[in-house]
Amino acid sequence: MTQSNSNFNEEISKKTYEDLLAQADDSKEKELNISDENIKQIIKDLNRTYPTEKVFHDQQLQEKLKNVLRAFSHYDRETCYFQGMNFI
């Protein structure tokens, strides 16, 4: 793969992530079959992610992980979210 292909694929991935996150931010979780329970589980699991590692106590890092998990929930609506996915 050439450098330009790599950059192109990175831009596509970034745009896809941003689009999925925008869908989540539009508060359409219920319409898209992403239940309140899944969102609550994501938030609950964030505190369980490597609880002894101080780096995972950082609010900004937890917010980023939450966004990735919410975006994935929109990407794969059949799987959505299940406990333990926070270790991706």
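1. Starting with the contact pattern: among contacts in the protein between residues at least 6 apart in sequence, 59% connect residues at least 24 apart. Contact here means heavy atoms within 4.5 Å.

2. A word on provenance. This is a predicted model, where local features need pLDDT of at least 70, side-chain atom pairs count only at pLDDT 80 or more, and totals for chains, interfaces and linings use all residues. Residues are numbered from 1 along each chain as its sequence is written, and side-chain values use heavy atoms, with hydrogens and water left out.

3. On secondary structure, the protein has three helices and zero strands, and reading along the sequence gives α-α-α. These are DSSP runs numbered from the N terminus: helices are H or I with at least four residues, strands are E with at least two.

4. Of the 88 residues, 28% count as buried (buried is under 20% relative accessible area, exposed is over 50%, partly exposed is in between; 1.4 Å probe, protein chains only). The protein exposes about 6500 Å², with carbon and sulfur atoms supplying 51% of that; the areas come from the Shrake-Rupley method with a 1.4 Å probe, and for residues only the protein chains shown count as cover.

5. Which residues make up the largest nonpolar core? There are six: Ile42, Leu46, Leu65, Leu69, Tyr81 and Met85. A nonpolar core is a set of buried Ala, Val, Leu, Ile, Met, Phe, Trp, Tyr and Cys residues joined through side-chain atoms within 4.5 Å. The elements giving two or more residues to this core are α2 (36-46) and α3 (59-75).

6. Core member Tyr81 is worth a click. Leaving out residues up to four places away in sequence, Tyr81 touches Asn38, Gln41, Ile42, Asp45, Leu69, Ser73 and Asn86.

7. Now the rings. There are two aromatic pairs (rings of Phe, Tyr and Trp, the last by its six-membered ring, pair if their centres lie within 6.5 Å; planes under 30 degrees apart are stacked, over 60 edge-to-face, the rest tilted). Tyr50 and Phe56 make a tilted pair, 5.1 Å centre to centre with 35 degrees between the planes. Tyr50 and Phe87 have their centres 5.1 Å apart and their planes at 90 degrees, so that pair is edge-to-face.

8. What does the Tyr50 and Phe87 pair tie together? Tyr50 sits in the loop between α2 and α3 and Phe87 in the segment after α3, so the pair links parts that are 37 residues apart in sequence.

9. Tyr50, Phe56 and Phe87 form one aromatic cluster. By relative accessibility, Tyr50 is partly exposed at 41%, Phe56 is partly exposed at 24%, and Phe87 is partly exposed at 43%.
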